[in-house]
Amino acid sequence: MTTALKHADRSRLNVSPQLDPKTRSSLGQYMTPALVASFMAAMFDPLPDKIRLLDAGAGVGGLTAAFVQEATKRSPRPRAIDVTAFEIDPVLAKHLEITMLACAAECAAHEIDFQFSIVHDDFVLHSCEPLLREEPTYDCAILNPPYAKINSGSKARAALRRLGIETSNLYTAFVAVALGQLRKGGQLVAITPRSFCNGAYFTPFRRILLDSSAFREIHVYSSRRKAFADDAVLQENIIYRLVKGEPQPPEVTITSSANPDDEEVTRRQVPFAEVVHPGDPHNYIHLVLSDADGALAERVQALPCKLTDLGIKVSTGRVVDFRARDHLRREAQPGAVPLIYPMHFEEGFVVWPKPNGRKHNALAFSQSTIDLVVPSGTYVLTKRFTSKEEKRRLVAVIFDPATVPGSWVGFENHLNYFHEQGRGLPGDLARGLAMFLNSTAVDEYFRQFSGHTQVNATDLRGLHYPTRQQLCTIGEQVRMQMPDQVELDRIINSYFS
Ligand SMILES: C[S@@+](CC[C@H](N)C(=O)[O-])C[C@H]1O[C@@H](n2cnc3c(N)ncnc32)[C@H](O)[C@@H]1O
């Protein structure tokens with residue numbers, strides 16, 4: 001490891017524990033370990049002779065140091081590197097300057113002309129206006145952007161909107177702006193959360209990426225904790241290389257390893273059409289890590305129906321409990337309807353009430369709450385959020401009106417419910433659908449495009465399903481109990497061609 005990178009890594013380890021926890025969280029100060037930074041730098045291919053490099057949100061400079069280390073190893077070596085590093089935190093900027101000086105010495109020893117400038121400013125605010133009138137000039141951008149929210153009324157949000165970038169997340173804003181600053185053919189390597197790969201919320205960002213650059217290479221660390229082990233960051237992160245202004249390649253390289261120390265890297269060449277499905281209005285990014293995953297994806301996508309073909313809709317539970325606080329009731333009582341939370345999910349069914357549960361069991365029924373409830377019937381419910389420890393992302397249960405009294409029911413906002421025109425489903429259809437969603441195959445397929453613990457209604461709409469008739473036949477095999485996982489998987493797997 002070069003002296004500059006060693007210095008940056010030591011600074012990272014020394015400075016991180018001293019940062020004010022509040023600032024650290026609001027500015028997303030989780031710096032990249034040297035091993036990961038080196039891996040990222042090695043992804044650039046090829047390097048031009050004279051490089052203008054952007055390091056946005058540079059921290060103590062680990063990424064630039066890794067880039068310089070990589071440049072000194074390349075043959076032929078570049079002749080010049082000119083870095084612009086943005087860092088808003090003055091404490092980190094001081095360490096950054098020392099790293100830059102070490103990079104200069106490194107480059108001098110390898111006859112590379114090295115220039116740098118450190119901009120102590122907000123990267124987004126500083127960059128948006130010039131982007132409207134100036135030609136982009138960077139050849140390379142390397143980033144581990146901060147993960148934080150951008151407030152809707154903030155100056156940054158308005159500046160981004162003027163550029164046509166609609167996002168309330170700082171990491172997506174950094175990537176979109178940096179991409180805008182690259183010249184045609186310029187490369188961007190970033191490590192970010194994987195969350196942008198799915199969800200309707202990130203659709204505008206995915207469009208920017210896919211319309212303005214080509215995805216060449218994506219790396220996934222399959223162990224959530226390990227990439228930022230020193231900081232106990234629990235994000236599923238991916239690293240990717242984009243090339244500005246080029247069409248999507250026929251194939252994308254997808255690599256994966258358990259963690260940065262793992263030398264066993266799995267490499268796959270995947271047709272681009274398997275990464276982003278042609279015709280997908282939301283442009284989900286599917287990360288198929290192994291041949292077995294690829295075969296599974298093929299089988300699930302070969303299923304004949306989308307939810308609309310089945311005449312079924314999925315919606316998010318309407319009862320947002322803190323907004324309906326005055327109407328919540330601990331226990332069932334006259335004038336109240338059952339209120340269903342994920343705490344009522346038990347082995348494939350809704351078990352209600354839960355008298356000693358942490359949540360309420362009922363909702364007062366009145367003019368104020370009539371729009372929050374639906375007619376009782378057989379519904380399939382899924383959790384919107386699962387804990388990191390839970391094995392499954394997709395958890396489906398059946399709401400059976402035979403076991404929960406009343407003509408109306410309220411579904412709380414932490415769950416999604418499947419319905420037909422706002423009413424329940426035929427019993428067998430509901431039971432078949434719940435079985436399908438609870439299968440191992442569907443859960444594993446789901447993880448190929450969802451790297452977080454949230455299950456959005458849009459994700460469920462995007463899935464492929466068996467026919468209505470097939471779901472009913474599956475459902476006939478369930479009565480008051482779900483089959484165990486082995487039996488359930490055996491039944492569902494027989495529907496995949
Ligand atoms: C996730 S850290 C990554 C640091 C460094 N790139 C690395 O990989 O080690 C993000 C950095 O961006 C800085 N930052 C946060 N918001 C910023 C902004 N609006 N403009 C410039 N820098 C910012 C933080 O202080 C932090 O150092």
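**The ligand shell and the fold around it**

The shell around the ligand is made up of 11 nonpolar, seven polar and three charged residues. Here Ala, Val, Leu, Ile, Met, Phe, Trp, Tyr, Cys and Pro count as nonpolar, Asp, Glu, Lys and Arg as charged, and the others, Gly among them, as polar. The model is predicted: local features need pLDDT of at least 70, side-chain atom pairs count only at pLDDT 80 or more, and totals for chains, interfaces and linings use all residues. Residues are numbered from 1 along each chain as its sequence is written.

In total, 21 residues surround the ligand; a residue is taken as near a molecule or strand if its C-beta atom, placed from the backbone, lies within 6 Å of it. Met31, Thr32, Gly57, Gly59 and Asn144 are the closest. At least two residues of the shell come from each of the helices α4 (62–73) and α6 (123–133). Helices (H or I, at least four residues) and strands (E, at least two) are DSSP runs, numbered from the N terminus.

The protein chain holds 17 helices and 20 strands. Its C-alpha atoms fill a box of roughly 80 × 50 × 40 Å along the principal axes. For 497 residues, a compact globule would have a radius of gyration near 23 Å, and the 26 Å of the protein chain agrees with this. That radius is taken over C-alpha atoms, and the globule rule is 2.2 Å times the number of residues to the power 0.38. Of the 497 residues, 45% count as buried. A residue is buried if 20 or more other C-beta atoms lie within 10 Å of its own, exposed if 12 or fewer, and partly exposed in between, with C-beta atoms placed from the backbone. Among contacts in the protein chain with a separation of 6 or more, 80% join residues 24 or more positions apart; two residues are in contact if their C-beta atoms, placed from the backbone, lie within 7 Å.

Two domains are assigned, domain 1 (3–289) and domain 2 (307–493), with bounds from an automatic or database domain assignment. Their C-alpha centres lie 39 Å apart. Domain 1 gives 14 residues to the contact and domain 2 gives 10 residues. On the side of domain 1 that touches domain 2, seven residues are nonpolar, five polar and two charged.

Helix α3 (34–42) is largely enclosed by the rest of the structure, because seven of its nine residues are buried. These are Ala34, Val36, Ala37, Ser38, Phe39, Met40 and Ala41. The cover over the buried residues of α3 includes α1, α4, β4 (138–143), β5 (182–193) and β7 (237–244). In the loop between α3 and β1 (50–56) lies Pro46, and the peptide bond from Asp45 to Pro46 is cis, with omega near -15°.

Helix α5 (residues 90–109) has 20 residues, which at 1.5 Å a residue should span 28 Å; the end C-alpha atoms are 29 Å apart, in agreement. The expected span is 1.5 Å times one less than the number of residues. Buried residues of α5 are Leu92, His95, Leu96, Thr99, Met100, Ala102, Cys103, Glu106 and Cys107. An α-helix has 3.6 residues a turn, so residues three or four places apart point the same way. The buried residues of α5 pack against α1 (3–15), α4, β2 (80–86) and β3 (113–119). Just after α5, Glu111 takes a positive phi of about 55°.

Val124 belongs to helix α6 and counts as buried, with 26 C-beta neighbours inside 10 Å. Apart from neighbours within four places in sequence, Val124 is in contact with Ala156, Ala159, Leu160, Ala173 and Val177. Val124 and Leu372 are separated by 248 residues in sequence and by 40 Å in space, C-alpha to C-alpha.

Glu347, in the loop between β13 (345–346) and β14, has a positive phi of about 45° although it is not a glycine. Glu347 is exposed, with 9 other C-beta atoms within 10 Å. The loop between β14 (349–350) and β15 (362–364) holds Pro353, and the peptide bond from Trp352 to Pro353 is cis, with omega near -5°. Gln421, which is not a glycine, has a positive phi of about 50° and is placed in the loop between β20 (415–419) and α13 (427–437). With 7 C-beta neighbours inside 10 Å, Gln421 counts as exposed.
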